[in-house]
Amino acid sequence: MIAAVLLWGLVVVRSLLGRGSSSVAWQNAFTMFLATTTQALPFLVFGVALSGAIAAFVPPTWVARVFGSSPLSVPVAATCGALLPGCECSSVPVAARLMRTGGSVGPSLAFLLASPAINPVVLVSTAVAFPGRPEVVVARAGASWLVAVTVGLVWRGQPQPDLRVEPHDHQPHESKLAVFVSVVNGDFVYAGGFLVVGALATTAMRTIVPVGWVDGAALHTITSIAVMAFLAVVLSVCSEADAFLAAAMGQFSLASRLVFLTVGPMVDIKLILQQRAAFGARFTRRFVPLTLICAVVVSTMIGEVLL
Amino acid sequence: MSDHPEPTDASAPPPNVDLVSIIALIGGLYMIRMVWSGQYLTLVRQSSGRWLVLAGSLVTVCAISSLAGFGRAHDHGDGRKRLGVSVTSLLVVVPLILTSLRAPADLKSGAQNVRASTNAVADRSLDHGPIPLNDPVDAVTDITAENLLDRAAYRNGEGLDGVVLKVTGRIARGDNGDTTVVRFVMNCCAADAYPVEIHLGPSSLHIPEVDTWVELVGTYVEVRTENRNVSVVMAPSRIVAIEPPEEPYEIAART
């Protein structure tokens, strides 16, 4: 985080003071940072509003029943992800709220991973970006769902993440609306801070890392998969738009582009930071590598079979 | 009751309720201000405006309600706090501060971080079908930069031969120092936008200064590919400086 902030300090100074051709890149970085933040904020608010609604209006017993400790609840929770029509910025506060409200860790994480990838908006945009190739949509939905369920099942036996401290429990006498207002404010401020850090880091990477090198990597299966997974993490493109970027990367095989579409909504810079904010550093250190490996392996296998 | 009781942190300082609500208020006002000022059009699609207003209004109302004593705001931070909120949470105010210091501008061509996400050649195996051409007005056919590139690069110039075209963009310098007209095409936000470069063939026309918005009228000549960057060459018959369009980016036709 400190590195991202320092890099961004450089960006700001260069864009404010810079003159000449080299300042164009820094001015573009300024625009990209604000664009990433501004585009994601409504989705984040949608997520924290849903989080507030769960805290205020959904009985914990209901959450505990649907997102309970039964193995079956993991695939059910992953499938429920299709009901949240947002991108990955929405899903983190919702998943954290599910855990706080009585949901078990495995199903909640399955929901976290599945919802940005298999909701109707994302699948429709994938179908539009890959016209006449419905197998890409099927492969994306299948791979994402399978990864979400696998990681959820693996995490069933693990301890619950170190959920961030809420300094005061909500009091029984508080009205439901007051609880909603309280959760929206608190979740928005905390998750929003990490969204800003994630946008800073993503923009800094885009500005610093030369991307021309990716073309050579496209020639080899292994390197193309590795590069597409890396780009998914670094570029942090919204899951509602990533299919269009993948469609334009014609130098890569469809299978490696499926890796991009599967990894991106589950593991990217701004998402990792939000997960760290919600679940703690210790959890993120184990959860992110597991999810990344699982996403790469599953999407590669499904891509080789279906695409 | 929860299966997993929430952790408590008795040592954490009591939250500064007002500061959390004030930060939320600033975040909400940022979203509303971006739409109010029109600056959001340099960053995201016009259709995102209503979502920004809706989200900004919700957060603003919640923050004001909390400041008025309704609903206690909590910073769900990690305990390492200054002034009652985590340091990271304070960063929510950064976008508003930055845009107050300097209004955001739309993307400019000629920088690596623009090409970074966009230097790919579109997948020819994906048959999108041609974007329709507009009916000509006074023998001139309006065409989007995206449509021009699509037809030129991936459809062998289908429908372009002998047609007088009009495309809107901004004057820029190409890698070789030649004059180009550039328009960015956006899918979701400026972070995923890519430039369509139109090189100008030989002409004696007056070329406006770099960064001037122009309407370029001319005919399609050829497609040019350099280092996997695909661009279009046109023979200009008229270049007219215009006021900057309300939306600096073209919205991709298939999003």
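A residue counts as buried when its relative accessible area is under 20%, and in this predicted model A:Phe287, at 0% relative accessibility, is therefore buried.

Because A:Trp155 belongs to helix H8 (residues 134–156) of chain A and A:Phe287 to helix H15 (residues 281–306) of chain A, the pair ties together parts that are 132 residues apart in sequence.

Next, show A:Phe283, whose ring centre is 4.7 Å from that of A:Phe287, with the planes at 20°, so that these two rings are stacked. Both residues sit in helix H15 of chain A, four residues apart, which means that about one helical turn separates them. A:Phe283 counts as buried at 5% relative accessibility.

For a view of the surface, select A:Phe57, A:Leu177 and B:Phe70, which together make a nonpolar patch with about 280 Å² of accessible area. A:Leu177, found in helix H9 (residues 176–208) of chain A, counts as partly exposed because its relative accessibility is 48%.

Finally, move to helix H6 (residues 145–154) of chain B, where nine of the ten residues are buried, among them B:Leu148, B:Leu149 and B:Arg151. What covers the buried residues of this helix includes strand E4 (165–173) and strand E7 (213–226) of chain B. Just after the helix, look at B:Asn156, which takes a positive phi of about 55°.

Notes
Residues are numbered from 1 along each chain as its sequence is written. Chains are lettered from A and ligands numbered from 1 in the order in which they are written. This is a predicted model: local features need pLDDT of at least 70, side-chain atom pairs count only at pLDDT 80 or more; totals for chains, interfaces and linings use all residues. Side-chain values use heavy atoms; hydrogens and water are left out. Buried means under 20% relative accessible area, exposed over 50%, partly exposed in between (1.4 Å probe, protein chains only). Helices (H or I, at least four residues) and strands (E, at least two) are DSSP runs, numbered from the N terminus. Contact means heavy atoms within 4.5 Å. Patches are made of residues with over 30% relative accessible area and no salt bridge: like charges are joined within 9 Å, nonpolar side chains (Val, Leu, Ile, Met, Phe, Trp, Tyr) within 5 Å. Accessible areas come from the Shrake-Rupley method with a 1.4 Å probe; for residues, only the protein chains shown count as cover. A salt bridge is a side-chain nitrogen of Lys or Arg within 4 Å of a carboxyl oxygen of Asp or Glu. Rings of Phe, Tyr and Trp (its six-membered ring) pair if their centres lie within 6.5 Å; planes under 30 degrees apart count as stacked, over 60 as edge-to-face and the rest as tilted.
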